[in-house]
Amino acid sequence: MEIIKVKDSDELGRKAAEIVIETIKGKENPVLGLATGSTPEKLYANLVEKCNTGEITFKNAVTFNLDEYVGLTIDDPQSYHYYMDKHLFDGIDIQKENTHVLDGEAEDLQKECDSFEQLIKDAGEMDLQILGLGLNGHIGFNEPGTAFDSRTHIVELEQSTIEANSRFFESKEDVPTKALTMGIGTIMDAKKILFIVQGEQKADILKAVVHGEVTEDVPASVLQQHPNVVLITDIDI
Ligand code: F6R
């Protein structure tokens with residue numbers, strides 16, 4: 001794992017954007033895996049800016065988001081659909097039909113997961129997967145105990161994740177208890193992973209992820225087994 005230490009979230013956003021741009025430039029049809037949450041916000045702001053100045057184009061890019069809550073409409077401000085439009089898609093020249101976010105309102109959720117997997121397969125390998133880290137070690141919504149070979153699936157969110165994410169909702173009761181997520185196996189198939197982690201509150205879990213045992217109890221520890229991970233963090237590890 002390559003580790004890039006940054007001083008703050010501004011530098012993290014800039015460095016992460018550089019890596020995304022490096023990956024996209026020169027590729028005919030770049031395939032990107034995207035994350036939501038507070039960590040990638042500055043990365044996306046940088047990409048919007050670079051696209052507007054003509055430094056980069058997303059015209060032929062294809063994207064797949066890691067996860068989505070079950071039960072929120074796509075225009076609900078807390079849905080990851082809404083987040084992606086607001087922070088990235090509406091600000092860049094991507095073709096909307098090339099962006100894929102799981103449908104948490106699908107009638108048949110398992111079928112939705114299976115067709116998402118198929119779409120990723122059809123797009124070819126993911127050139128770059130952007131990943132954040134949950135306080136409990138989750139990646140996507142793969143909570144502790146998820147099998148390392150899992151594919152896109154339905155999850156029951158852990159109480160700790162509901163609590164951590166309640167900061168985006170009016171109350172804890174409003175946070176959905178279920179979500180759809182790419183599996184850990186799906187994530188590990190990406191050619192390269194851009195792992196971005198910020199904030200002292202994640203210091204202990206990040207140390208366990210990078211230096212600890214590779215175990216399904218700490219989902220992100222699987223990244224130790226991936227051949228091409230770049231970690232950008234403001235945490236001393
Ligand atoms: C979001 C996702 C989650 C977040 C993680 C960290 O799409 O997949 O795993 O990356 O919960 O979230 P933040 O960045 O808000 O601390």
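The model is predicted, so local features need pLDDT of at least 70 and side-chain atom pairs pLDDT 80 or more, while totals for chains, interfaces and linings use all residues. Residues are numbered from 1 along each chain as its sequence is written, and side-chain values use heavy atoms, with hydrogens and water left out.

The table lists polar contacts, which are pairs of N or O atoms within 3.5 Å.

| Side chain | Distance to a ligand oxygen atom |
|---|---|
| T36 | 2.8 Å |
| D67 | 2.7 Å |
| K202 | 2.6 Å |

Taken alone, the ligand exposes 410 Å², and the protein buries 94% of that (Shrake-Rupley method, 1.4 Å probe).

The structure has zero disulfides, a disulfide being a pair of cysteine sulfur atoms within 2.5 Å. C51 is buried at 11% relative accessible area, and C113 is buried at 0%; buried means under 20% with a 1.4 Å probe, counting protein chains only.

Key. Buried < 20%, exposed > 50% of the residue type's maximum accessible area, 1.4 Å probe, protein only. Polar contact = N/O pair within 3.5 Å; in protein donor to acceptor, adjacent residues only side chain to side chain.
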